[in-house]
Amino acid sequence: MQLALDQKGKPGMVAGLPRNEWLRGAGALPNASTRLFCFAHSGGGASLFREWPGLFKEAGIEVCPVQLPGREERLREKPFEEIGPLIMEMARNIQPFLDRPFALFGHSLGALIAFSLASYLEENFALSPEYLFVSGCRAPRQNFNENPIAGLPRDAFIGQVRRRYGGLPESFLTSPALLDIFIPALRADFSLLENYDYALDHPSDRLLDCPVRALGGESDRAVDEAELALWKSHTRGSFKLRMFEGDHFFIRSRLPEVVSFIHEDLHPANPT
């Protein structure tokens, strides 16, 4: 039996795990002790985490990459441009999978989405993640709209994305057709980021109950260590910050180290 939330926001029960377009991998480990929900960067999809399930399986951790509308197999769906409606719709769809301890990991924009989901679940349903892992993203009270780029002309927009974050797949840059498919979701994600307003999206200014773990790249041009350290002010739980060698996409180049860092909390070698 699964914990669910009825229309009044009260706990209910549903049987079995339904097929879910928002999640990959959910239900793959029936006896998993923990589920780890993962959120990709702007324009990214669940495939960013294709290697992760195998790296956590032995520890009994089921990795569930979240697939947002507008990318990969959900390409034809309209992407969200406001974080509030996205979080409410996402929570409604993934709630049958919150039947056991869970953690959230998000990279870049995905970290802001993961934080907003954690806040929404704690405040509205008293469901708290075991941990919130935030990677390559400023803390939420900082300004995300000082230099908006979502509305720029195509070439200027792509140029700004490359200047700030450094990484667009070369296959996109050499194929106008692929780039045209990719740009709408990427623009929508930057609109989501630039439309984000902490005071409006989190009017209660409530601190998270769960521990927060922040990760960053030492050569990241988009966010530095001082900005990552400000995540500490968003939780009443414990906080830890770890910097890794690499740029904004260090989670690819330093994947074994990132996984090891997450394992330290979700599956400690010497639990106390």
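Beyond residues up to four places away in sequence, Phe-37 touches Leu-23, Cys-64, Val-66, Phe-97, Leu-98, Phe-102, Ala-103, Leu-104 and Phe-105. The model is a predicted one. The largest nonpolar core has 56 residues, and Phe-37, Met-90 and Trp-231 are those that touch the most other members. At least two residues of this core come from each of strand S3 (34-39), helix H2 (83-94), strand S5 (102-107), helix H3 (109-125), strand S6 (132-135), helix H4 (154-165), H6 and strand S7 (212-217). H3 provides the largest share, nine residues. Another core, of 24 residues, lies apart from this one; among its members are Ala-40, Leu-48, Phe-56 and Phe-261.

## Confidence

The protein has a mean pLDDT of 87, and 88% of its residues reach 70 or more. Over residues 1-15, however, pLDDT stays under 50, and the model has 30 contacts beyond four places in sequence for this segment. Where pLDDT is low, the predicted coordinates should not be read in detail.

## Charged pairs

Side chains of opposite charge can pair when their charged atoms come close. How many salt bridges does a search of the whole structure find? The search gives 21. The table lists some of them.

| Pair | N to O distance |
|---|---|
| Arg-74 and Glu-21 | 3.4 Å |
| Arg-141 and Asp-205 | 3.0 Å |
| Asp-180 and Arg-154 | 3.2 Å |

In the salt bridge of Arg-74 and Glu-21, Arg-74 belongs to the loop between S4 and H2 and Glu-21 to the loop between strand S2 (11-14) and S3, so the pair ties together parts 53 residues apart in sequence. Arg-74 counts as buried, at 3% relative accessibility, whereas Glu-21 is partly exposed at 47%.

The salt bridge between Arg-141 and Asp-205 links distant parts of the chain, 64 residues apart: Arg-141 is in the loop between S6 and H4, and Asp-205 is in the loop between helix H7 (198-201) and S7. Arg-141 is partly exposed, with a relative accessible area of 38%, and Asp-205 is likewise partly exposed at 38%.

The salt bridge of Asp-180 with Arg-154 connects helix H6 to helix H4, with the partners 26 residues apart. Asp-180 is partly exposed at 45% relative accessibility, and Arg-154 is partly exposed at 32%. Salt bridges with shared partners also join Arg-35, Glu-62, Asp-99 and Arg-100 into one network.

## Backbone and loops

Most residues other than glycine have a negative phi. Glu-72, by contrast, has a positive phi near 50 degrees. Glu-72 sits in the loop between S4 and H2 and is partly exposed, with a relative accessible area of 33%. Ser-108 also has a positive phi, near 60 degrees. Ser-108 lies in the loop between S5 and H3. Is Ser-108 buried or exposed? Ser-108 counts as buried because its relative accessibility is 8%, and the cut-off for buried is under 20%.

Gly-60 occupies the loop between helix H1 (52-56) and strand S4 (61-65).

## Surface

Leu-75, Leu-178 and Ile-181 make a nonpolar surface patch of about 230 Å². Ile-181 belongs to helix H6 (residues 176-195) and is partly exposed, with a relative accessible area of 44%.

How values were computed:
Residues numbered from 1 in each chain as written. Predicted model: local features only at pLDDT ≥ 70, side-chain atom pairs only at ≥ 80, totals over all residues. Heavy atoms only, no water. Patch = residues over 30% accessible without salt bridge, like charges linked within 9 Å, V, L, I, M, F, W, Y side chains within 5 Å. Areas by Shrake-Rupley, 256 points an atom, 1.4 Å probe, with all protein chains shown as cover. Salt bridge = Lys/Arg side-chain N within 4 Å of Asp/Glu carboxyl O. Helix = DSSP H or I, 4+ residues; strand = E, 2+ residues; numbered from the N terminus. Buried < 20%, exposed > 50% of the residue type's maximum accessible area, 1.4 Å probe, protein only. Core = buried A, V, L, I, M, F, W, Y, C linked by side-chain atoms within 4.5 Å. Contact = heavy atoms within 4.5 Å. pLDDT = per-residue confidence, 0-100.
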